[in-house]
Amino acid sequence: MSISDPDAVRAEILERWGRAAAGWGKRAKSVRAFGLPVSAWMLDHAGLQPGLRVLELAAGPGETGFLAAELIRPGGSLVCSDATDEMLEVARARAEELGLENVEFKRIELEWIDLDTASVDAVLCKWGLMFAVDPEAALREMRRVLRPGGRVALAVWDEPPGNPWATITTRALVELGHTKQPDPDAPGMFALAPPGRLQGVLEAAGFVDVVVESVEPPRAFDSVEEYIAETDDLSSMFGDVFDPLSDEQRTTVMAKITELARPYIGADGALRFPARSLVAAADA
């Protein structure tokens, strides 16, 4: 992948996630629920036990790390990190709500992990690595901060055909002429989806005994309106285009989304989408 101005891309990604933080806070419980099968796989493969120090990167609301925080008690600690202060505030609020006390919060970017070498026992990163401008550099940093024998467990989204819930809203905007088709080579949701890509970057970064599997988390919504509302809250890329439209234009977009989502709408009006996430674990 060739990016003419990687620093500008990084700045744009951080700004976008900072603006999305409020929506992720609002939807934290539903994000936790649909992501739980992925979090469970990661935790099962992270080799956690009491007393370990765990780093979660791109934590968002922090749910996977917070589950880990329970598993490493007593004596263990979690470093909950994100690249934006806004997301860290969301995570702090969630930790307080959950009554967690063995968590510290730190602003960390994936490609420059501000921790000492060999200072953590496990690294978790759910649905964050694909937004790195240089995923291999991010993985090298993860390996650097891991102690010898430490484990990484992460997740990225699989290819678009396996995740129609994530593509239909953008497809509607593109087909109606409100936005352009996303650049498949840019950092984004499906950047690490191509077959062999995730295993390749892990091995290139020096990880060994790499395991890559897939998990199918549930993506269900009570109605098309709820589906659009959640997408608007969680995706600033969608909201930046959808929100400024006129009422008439938004109605047309909603009709187009309904048309595209029809194969997944039940008789009760609820949506049941297939979804597929790649998950991986490896030794440092």
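Start with helices α2 and α3 in this predicted model: α2 covers residues 28–45 and α3 covers residues 63–71. Their axes lie 8 Å apart and the helices pack at an angle of about 55 degrees, so α2 and α3 count as oblique to each other. The crossing of the two is right-handed. If you want to see who does the touching, look on the α2 side for Ala28, Arg32, Leu36, Ser39, Met42 and Leu43. Across from them, α3 brings in Glu63, Thr64, Leu67, Ala68 and Leu71.

Now for the aromatic rings. A pair of rings is described by how far apart the centres are and by the angle of the planes. Counting pairs with centres within 6.5 Å, you get 11 of them. One of these is Phe221 with Tyr227, a tilted pair at 5.1 Å centre to centre and 50 degrees between the planes. Both Phe221 and Tyr227 are buried. Tyr264 and Phe273 make another tilted pair, with 5.1 Å between centres and 45 degrees between planes.

Next, find the aromatic cluster formed by Phe34, Trp127, Trp157 and Trp165. Charged side chains turn up here too. Which ring does the charged end of Arg219 sit over? That would be Phe34, with the charged end 3.7 Å from the ring centre. Over at Trp127, the charged end of Lys126 sits over the ring, 4.8 Å from its centre.

Key: Residues are numbered from 1 along each chain as its sequence is written. This is a predicted model: local features need pLDDT of at least 70, side-chain atom pairs count only at pLDDT 80 or more; totals for chains, interfaces and linings use all residues. Side-chain values use heavy atoms; hydrogens and water are left out. Rings of Phe, Tyr and Trp (its six-membered ring) pair if their centres lie within 6.5 Å; planes under 30 degrees apart count as stacked, over 60 as edge-to-face and the rest as tilted. Buried means under 20% relative accessible area, exposed over 50%, partly exposed in between (1.4 Å probe, protein chains only). A charge sits over a ring if NZ of Lys or CZ of Arg is within 6 Å of the ring centre and within 35 degrees of the ring normal. Axes are lines fitted to C-alpha atoms, for helices over the stretch in contact, and angles run from 0 to 180 degrees between N-to-C directions. Helices (H or I, at least four residues) and strands (E, at least two) are DSSP runs, numbered from the N terminus. Angles under 35 degrees count as roughly parallel, over 145 as roughly antiparallel, 65 to 115 as roughly perpendicular and the rest as oblique. A crossing is left-handed if the near helix is turned anticlockwise from the far one by less than a right angle, and right-handed if clockwise. Contact means heavy atoms within 4.5 Å.
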